[in-house]
Amino acid sequence: MVRAAVPEFAGRVQERFGAYRHHVLATLRKDGAPRLTGLEADFRYGELWLGMMVGSRKVLDLRRDPRFSLHANPGPGTDLSGGDVRVSGRAVEVGDPEVAARYAAVVKPPEPFHLFRAELTEAVRTYIQDSCVVLESWVPGRPLRTIRRTSDDAALRVE
């Protein structure tokens, strides 16, 4: 969906997630508090996939409330090469054994496993350009939005 709407932006987001294997997933606990856990995310077949260990808390969280956010691993150092990237959406558990088998044949996760397909509701990339912090954000049905600011700005400049 993101790739069809804003292909260059989607490519930058996917590239950033592809730089490292492990990322940080945020789900909602039963009491509504956030839960942060490590996760291997995978872009395949034009979609974002989330594979998880059987019985993990994040599986229970997503079954109860499918909303999530996923933050790309920032990597070593402080330069954030490629920017800081995060996506949010709803995780849809894959119930089709053929889809799970096709995924497992390529990715080779430890089995058994749970597989979710991400339906993105937001993608955000933040980076430094010249003396500005640049924030690019996309939500379905809207054009890519770009905000540039410095610490001296009294107001946001939206492009």
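One aromatic cluster is formed by Tyr45, Trp49, Tyr103 and Phe113. The structure described here is a predicted model, and it holds four aromatic pairs.

A second pair, Tyr45 with Trp49, is edge-to-face, with 6.4 Å from centre to centre and 85° between the planes.

The relative accessible areas of the residues in these two pairs are as follows.

| Residue | Relative accessible area | Class |
|---|---|---|
| Phe17 | 3% | buried |
| Phe43 | 24% | partly exposed |
| Tyr45 | 37% | partly exposed |
| Trp49 | 4% | buried |

Charged groups also meet aromatic rings. The charged end of Arg102 sits over the ring of Tyr45, 3.9 Å from its centre. Likewise, the charged end of Arg125 sits over the ring of Tyr127, at 4.2 Å from the ring centre.

The largest pocket has a volume of about 440 Å³. Its lining comprises 18 residues, and Arg21, Glu40, Gly51, Pro109 and Pro110 are those nearest the centre. Two or more lining residues come from each of β2 (34-44), β3 (47-53) and α4 (97-107). Strand β2 gives the largest share, five residues. By type, the lining of the largest pocket consists of 10 nonpolar, three polar and five charged residues.

Key. Residues are numbered from 1 along each chain as its sequence is written. This is a predicted model: local features need pLDDT of at least 70, side-chain atom pairs count only at pLDDT 80 or more; totals for chains, interfaces and linings use all residues. Side-chain values use heavy atoms; hydrogens and water are left out. On a 1 Å grid over the protein atoms alone, a cavity is a set of points where a 1.4 Å probe fits but cannot get out, and a pocket is an open set with protein on both sides within 12 Å along at least five of seven lines; lining residues have an atom within 4 Å of a point. Grid points are joined across faces, edges and corners, and a volume is the space filled by probe spheres set on the points. Helices (H or I, at least four residues) and strands (E, at least two) are DSSP runs, numbered from the N terminus. Ala, Val, Leu, Ile, Met, Phe, Trp, Tyr, Cys and Pro count as nonpolar, Asp, Glu, Lys and Arg as charged, and the others, Gly among them, as polar. Rings of Phe, Tyr and Trp (its six-membered ring) pair if their centres lie within 6.5 Å; planes under 30 degrees apart count as stacked, over 60 as edge-to-face and the rest as tilted. Buried means under 20% relative accessible area, exposed over 50%, partly exposed in between (1.4 Å probe, protein chains only). A charge sits over a ring if NZ of Lys or CZ of Arg is within 6 Å of the ring centre and within 35 degrees of the ring normal.
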